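This report describes strand pairing and helix packing in the structure shown below.

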Amino acid sequence: MVILTLNCGSSSAKYQLYDWEKKDVLAVGVVEKVTQGGSSINHKARGREEYTLSHDCPTHTDAVNLIIKTLTDSKVGVISDMSVIKAVGHRTVHGGDKFLKSVIVDSAAIDAFNAIKDLSPLHNPANIMGIEAAQKVLPNVPHCATMDTAWHQTMPPSSYLYALPYEWYENYSVRRYGFHGTSFLYTAKRAAVLLGKDPFKTNVIIAHLGNGASINAVKDGCSFDTSMGLTPLEGLVMGTRCGDADLAMPFYVMRKSGMSAADIESALNKKSGLLGITGNLVDRRDIQAAALKGDERAILAQKMEAHRVKKYIGAYHAILGRVDALVFTAGVGEFSAWMRQAILDGLEETGIVYDPAKNDLARTRNAETLISTPQSKIPVYIIPTDEELVMTEDAYALMAGTYDVHTKFTYSFQSKDYVNKGRAEGLKEELAKKPELKGVIAVPR
């Protein structure tokens, strides 16, 4: 059985094809610049050379068609025809408070997603377009949606409610929802494995750091608090999003500048964060390069980003009491040694002590690594996330009728013996070139 997973953004469509029987990834890829002109697909299949093709995709339906055509191509494809695909899993960013777990997509689910798409204007419309496009191309298989917000439905009211007129919550569902839940689910479960603990007796702080970024306090294996809120705008300093800011600020700027509400919303989501501080940079590598050359605003952006993460680590340490581990994940969390260093410096009094040499070594997506010292009271792990595997396992279990909320469901990666075949092969190649990496690989206790 083969399962396709799709993660459709406003101008992209990422995909993964997974062989359920062999428990192996057959291919991954992305179609970029969907709807924008100049679209192209980048396709990677096991044992094949990387494949890139320019192909205009004015709609998400065109992008999904291109993905299917590539997967079934006689030269670069990995399956004979579409009949091999038995289910499609979709990432959906915002499920509001309507969904506690992943679901098979029906008309009621689509209606629910449409009803709340203004809560995630950068994500949900694209997610819905991706689902509807895939349903047109693959109409005879179940389509399953995994919501990033579902993981956070265990938060107590004291965490998810805002100190606003209560009727706003009752009438408009204004509350904290949180995001990156699929990533947090995977990394929380893997952290418990590495710690050798019952997942529901484990407290961890997880920093998902990418272009979009958030941090999660996990108490007894469940989400207890998180930095993103009603929308993905709140919390950490991000690539183009401001994160935490004074709620009166937009009104002040509107009065001063004459900007409309739409202008302000666009500025907070698309022109703020690291881009807003540096003026023209978003990629952390570009910011680091500029900082090394003495660019004061690049240096300031780095300090602001690290300060905000550090501030949340302290706050979440306070509300959890006992912290069993600090985890970094996602692109920046997994690869940016200098950002991790900026965050971890000065946390010794909290019981978090990292090894700079280990931190510099730990830049891989093929292994879980440990960068804290033996004396550190709180271990610091880097756990490469795997949202696609969560989506795949949810889709299969929904088809089989065995799926349930994560507190009543066990994933394959919760086993101490779990191995990601593709990452294991990649690690073998990495170790041949950089054998010292072996010294930071995390081993389950």
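## Strand pairing and helix packing

In β8, His 143 is the bridge partner of Val 88. This is a predicted model, in which local features need pLDDT of at least 70 and side-chain atom pairs count only at pLDDT 80 or more, while totals for chains, interfaces and linings use all residues. Residues are numbered from 1 along each chain as its sequence is written, and side-chain values use heavy atoms, with hydrogens and water left out.

Helices (H or I, at least four residues) and strands (E, at least two) are DSSP runs numbered from the N terminus. Two strands pair if DSSP finds at least two bridges between them.

Strand β6 (residues 85-92) has 7 of its 8 residues buried, where buried means under 20% relative accessible area, exposed over 50% and partly exposed in between (1.4 Å probe, protein chains only). Thr 5 stands opposite Gly 89 in β6.

| Strand | Partner | Bridges and sense |
|---|---|---|
| β1 (residues 2-8) | β6 | 5 bridges, parallel |
| β6 | β8 (residues 143-147) | 5 bridges, parallel |
| β12 (residues 325-329) | β14 (residues 380-382) | 3 bridges, parallel |

Phe 328 is placed opposite Ile 382 in β14.

Contact means heavy atoms within 4.5 Å. Axes are lines fitted to C-alpha atoms, for helices over the stretch in contact, and angles run from 0 to 180 degrees between N-to-C directions.

Helix α7 (residues 249-257) and helix α8 (residues 261-270) have axes that come within 10 Å and cross at roughly 125°. That angle makes α7 oblique to α8; angles under 35 degrees count as roughly parallel, over 145 as roughly antiparallel, 65 to 115 as roughly perpendicular and the rest as oblique. In this contact, Met 249, Pro 250, Val 253 and Met 254 of α7 meet Ala 261, Ile 264 and Leu 268 of α8. The residues of the contact divide into 7 nonpolar, no polar and no charged, where Ala, Val, Leu, Ile, Met, Phe, Trp, Tyr, Cys and Pro count as nonpolar, Asp, Glu, Lys and Arg as charged, and the others, Gly among them, as polar.
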